[in-house]
Amino acid sequence: MIARVLGPLRVTVNGTSVVPTAVKAKKLMAMLVLNSGRVVQRATIERELWDLDAPRSASTGIQNCVMWIRKGIGCAQQGDAGRVARQTLITEPTGYRLEVPGEQFDVVCHQRLVAEAGAAEVRGDLTEASALLNAALNLWRDAPLADVPAGPVLRAHVRRLEEDRKAVLAQRLGLDLRLHRYAEVVGELHALVALDPYDEVLHEYLMLALYLSGRRNDALTAYQQARVALADGVGLEPSHRLRGLQKRILASDEAPAARPGWAGLVPEPVRA
């Protein structure tokens, strides 16, 4: 079984899709995949499928969803399809558990690459760390579960995954700045700031990348754009750190290349 949730839900067995078309069964499949190897409690399933309005027939509805999922898995299998389906989607006393091989689950692969990047950074190999984080980010095909109409439980999972991706992206951008890849990340940072105009770390990285690539005036313009975005959007002034960076750029009359200490201003991002 191959499972992908970093984008539209994709679950295949022997190259055949086993994602149900029925909405509730599809949502249950997503929950089972996200909790691969762990029991998903029946109460949690009810909350996702019906929120706080679970009908008396909820238990039967869940059993029907499980049956449809098992039928899809069984149809894609060879040999004793029914037995294999029951061994893949297992009934537990309090719920259901799906077994997905870790190397075939994109979230597990993402986490492994991030962990390897952390180890590479610790031993001082920033180039390898950046490449590993980039590989982790490349596993993302779209928003998590982009084609699944998420309820309250899945929405919480989606938020967690999106926050993880944001942290990994910040970590990789920080590494690229430490590797003096200033000009290379400017375009990416411009796009990210446009998508998330209230993220001060992104604004700070953009200002640093512009200044350190020799674009002092553009860096100061980026600060003013950040100030306007924060004031108009959330009614706040830039943080002390961002204001301090602007003052340092204003006070600087040296070429960026003559100021290697500036690279040390890159903040440490929150680890995913």
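Which helix holds both Arg160 and Asp164, and how many residues apart are they? Both lie in helix 7, residues 152-178, and they are four residues apart, about one turn of the helix.

## Model and conventions

This is a predicted model, in which local features need pLDDT of at least 70 and side-chain atom pairs count only at pLDDT 80 or more, while totals for chains, interfaces and linings use all residues. Residues are numbered from 1 along each chain as its sequence is written, and side-chain values use heavy atoms, with hydrogens and water left out.

Helices (H or I, at least four residues) and strands (E, at least two) are DSSP runs, numbered from the N terminus. A salt bridge is a side-chain nitrogen of Lys or Arg within 4 Å of a carboxyl oxygen of Asp or Glu. By this rule there are 17 salt bridges.

## A pair within helix 7

Side chains of opposite charge can pair when their charged atoms come close. Arg160 and Asp164 form a salt bridge, with an N to O distance of 3.7 Å.

Relative accessible area sorts residues into buried (under 20%), exposed (over 50%) and partly exposed (in between), using a 1.4 Å probe and protein chains only. Arg160 is partly exposed at 36%, and Asp164 is also partly exposed, at 25%.

## The network around Arg172

A network of salt bridges links Arg172, Asp176, Arg181 and Glu188. Within it, Glu188 pairs with Arg172, their closest N and O atoms being 2.6 Å apart. Glu188 lies in helix 8 (residues 182-195) and Arg172 in helix 7, so this pair ties together parts that are 16 residues apart in sequence. Glu188 is partly exposed, with a relative accessible area of 29%, whereas Arg172 is buried at 5%.

Asp176 and Arg181 also meet in a salt bridge, at 2.9 Å from N to O. Asp176 is buried, with 5% relative accessibility, while Arg181 is partly exposed at 26%.

## A nonpolar surface patch

Tyr198, Val234 and Leu236 make a nonpolar surface patch of about 290 Å². Patches are made of residues with over 30% relative accessible area and no salt bridge; like charges are joined within 9 Å, and nonpolar side chains (Val, Leu, Ile, Met, Phe, Trp, Tyr) within 5 Å. Accessible areas come from the Shrake-Rupley method with a 1.4 Å probe, and for residues only the protein chains shown count as cover.

Tyr198 lies in the loop between helix 8 and helix 9 (200-212). Its relative accessibility is 42%, so Tyr198 counts as partly exposed.
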